[in-house]
Amino acid sequence: MSGVWVAVVVVGLATIALKAAGPVFLGGRELPPRALGIVELAAPVLLSALVVTQAVAGHRQLVFEARLAGLAAAAVAIRLRAPLLLVVVLAAAVTAGSRAL
């Protein structure tokens, strides 16, 4: 077995262990309200960080270009409670328009 496959197996086992740790240690008990609030906010925060990182990340530097304009347009559309399809189309159109300029 090569080193790559050993790494894949180790990462897979570690993932299974981490996912099983919650139910094993909690054993059906409820989380405290403070911890529950943190857990509920973790997914949106991580997703937002991923989106922003992908929008401005270049090769070892920050890149402010058309993608950021599209992201800003999407943020405004979401804030105005536009339908998701409209948000995506608007972000794509603003990005394309920015690149064309």
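This is a predicted model: local features need pLDDT of at least 70, side-chain atom pairs count only at pLDDT 80 or more; totals for chains, interfaces and linings use all residues.
1. Along the principal axes, the C-alpha trace spans about 55 × 45 × 25 Å.

2. Next, the build of the chain. There are four helices and zero strands, and from the N terminus on the order of elements is α-α-α-α. If you are colouring the model as you go, helix 2 covers residues 33-56 and helix 3 covers residues 66-79, while helix 4 takes in residues 84-100.

3. A word on surface and burial. Of the 101 residues, 11% count as buried. The accessible surface of the chain comes to about 8300 Å², and carbon and sulfur atoms account for 74% of that area. As for contacts between residues at least 6 apart in sequence, 32% of them join residues at least 24 apart.

4. How do helix 2 and helix 3 sit against each other? Their axes come within 8 Å and cross at roughly 145°. From helix 2, the residues Val51, Val52, Gln54, Ala55 and Val56 take part, and they meet Arg67, Leu68 and Leu71 of helix 3.

5. Alanine 57 is partly exposed because its relative accessibility is 35%, which falls between the 20% limit for buried and the 50% limit for exposed. Setting aside neighbours within four places in sequence, alanine 57 is in contact with Val63 and Arg67.

6. Which residue does its side chain meet in a salt bridge? The partner is glutamate 65, with an N to O distance of 2.7 Å. A search of the whole structure finds one salt bridge. Both partners are partly exposed: glutamate 65 has a relative accessibility of 35%, and arginine 67 has a relative accessible area of 28%.

7. Moving on to helix 4, is threonine 95 buried or exposed? Threonine 95, which is found in helix 4, counts as buried because its relative accessible area is 15%, under the 20% cut-off. Leaving out residues up to four places away in sequence, threonine 95 touches Ala66, Arg67 and Gly70.

8. Alanine 92 also has its place in helix 4. At 46% relative accessibility, alanine 92 is partly exposed. Although alanine 92 and arginine 67 are 25 residues apart along the chain, their C-alpha atoms are separated by 8.8 Å.

9. One backbone detail is worth checking on screen. Arginine 81 has a positive phi of about 60°, although this residue is not a glycine. Where is arginine 81 placed? It lies in the loop between helix 3 and helix 4. Arginine 81 counts as exposed because its relative accessibility of 77% is over the 50% limit.

Notes:
Residues are numbered from 1 along each chain as its sequence is written. Side-chain values use heavy atoms; hydrogens and water are left out. Helices (H or I, at least four residues) and strands (E, at least two) are DSSP runs, numbered from the N terminus. Buried means under 20% relative accessible area, exposed over 50%, partly exposed in between (1.4 Å probe, protein chains only). Contact means heavy atoms within 4.5 Å. Accessible areas come from the Shrake-Rupley method with a 1.4 Å probe; for residues, only the protein chains shown count as cover. Axes are lines fitted to C-alpha atoms, for helices over the stretch in contact, and angles run from 0 to 180 degrees between N-to-C directions. A salt bridge is a side-chain nitrogen of Lys or Arg within 4 Å of a carboxyl oxygen of Asp or Glu.
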